[in-house]
Amino acid sequence: ELASLPAASSAEPPEPSAERVTWFTPDVIGTYSLALTVTGEGGLTSSCGVSVSAVSGDGLHVELFWNPPESPADGSNACLHLLHPDAPYWFHYILDCYKENCGPGLEPLDWDNPGDDDNPRLDLIESLGFGPENINLGVPVTGHIYTVGVHYYQGMGIDEAEVFVKIYCGVSSDMPALEAGPVIMRDYGGSPDGNDFWKVAAVTWEGEGCSVTPIDEMVL
């Protein structure tokens, strides 16, 4: 069983649940508690627990979640963005990583150096309700200033959402350089282009770590 999980997580319990070997995949950085209960032939049971700590495996790791705890009726959709310092605007087809151009199964965006180490990856997308989503850069470019943003794409009946972002810097990091939120983001009932966009923070990569400057500006 999955006994407890971080507030931002939507991780599924271990599967299969009743075999000698099972698999569990954490979806956000934090500590997860797993419980094992064994029933003998005589009906007696015994239980034990173990904690699993998930840490960042990349230089820059950004997480988004919204509207906790998750509700089956929540079909809202918030979208995480990571903007390259040379980008002329948000939603740029190459220099802004978000779900339309940067998600699983898509060709990686070609940013600065040869190879994929400094190319952004949106490894996890949750389209309906709660999240989480994450964007990662394996080896950010020293001196670059990356900007983190969130677009409230659609509410699907949820006109306002409580939105949270965590930014982690450094491989094996388990302490966020910034925790932002909750902020209220709104769906105004028209095109998604008219909904709130939150400029969260600027991240300056300093070689082995980063400095984070909050922006905290809401625009349409």
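This is a predicted model: local features need pLDDT of at least 70, side-chain atom pairs count only at pLDDT 80 or more; totals for chains, interfaces and linings use all residues.
Strand S2 gives the largest pocket the largest share of its lining, six residues. S2 covers residues 30-39, and strand S3 covers 45-54; each supplies at least two residues of the lining. In total, 20 residues line the pocket. Nearest its centre lie Ser17, Glu19, Ala35, Leu36 and Thr37. By residue type, the lining divides into 12 nonpolar, five polar and three charged. The space inside comes to about 520 Å³.

Next, turn to Ser173. Look for Ser173 in the loop between strand S10 (160-169) and strand S11 (178-186). Is Ser173 buried or exposed? Its relative accessibility is 11%, so Ser173 counts as buried, because the cut-off for buried is under 20%. Which residues does it touch, leaving aside neighbours within four places in sequence? Ser173 is in contact with Ile29, Val55, Ser56 and Tyr168.

Now the aromatic rings. The structure holds seven aromatic pairs. One of them joins Phe65 and Phe164. The two ring centres are 4.7 Å apart and the planes meet at 5 degrees, so this pair is stacked. Phe65 sits in strand S4 (residues 60-66), while Phe164 belongs to strand S10. The pair therefore ties together parts that are 99 residues apart in sequence. Both partners are buried: Phe65 has a relative accessible area of 6%, and Phe164 has a relative accessibility of 18%.

A further pair is made by Trp90 and Phe197. Here the centre-to-centre distance is 4.7 Å, and the angle between the planes is 55 degrees. That geometry is tilted. This pair, too, links distant parts of the chain, 107 residues apart. Trp90 lies in the loop between strand S5 (77-83) and strand S6 (96-97). Phe197 lies in strand S12, residues 197-205. Trp90 and Phe197 are both buried. Which aromatic cluster do they belong to? Trp90 and Phe197 form one cluster with Phe91 and Tyr98.

One charged side chain also meets a ring. Lys99 lies over the face of Tyr153. The distance to the ring centre is 4.5 Å.

Key: Residues are numbered from 1 along each chain as its sequence is written. Side-chain values use heavy atoms; hydrogens and water are left out. On a 1 Å grid over the protein atoms alone, a cavity is a set of points where a 1.4 Å probe fits but cannot get out, and a pocket is an open set with protein on both sides within 12 Å along at least five of seven lines; lining residues have an atom within 4 Å of a point. Grid points are joined across faces, edges and corners, and a volume is the space filled by probe spheres set on the points. Helices (H or I, at least four residues) and strands (E, at least two) are DSSP runs, numbered from the N terminus. Ala, Val, Leu, Ile, Met, Phe, Trp, Tyr, Cys and Pro count as nonpolar, Asp, Glu, Lys and Arg as charged, and the others, Gly among them, as polar. Buried means under 20% relative accessible area, exposed over 50%, partly exposed in between (1.4 Å probe, protein chains only). Contact means heavy atoms within 4.5 Å. Rings of Phe, Tyr and Trp (its six-membered ring) pair if their centres lie within 6.5 Å; planes under 30 degrees apart count as stacked, over 60 as edge-to-face and the rest as tilted. A charge sits over a ring if NZ of Lys or CZ of Arg is within 6 Å of the ring centre and within 35 degrees of the ring normal.
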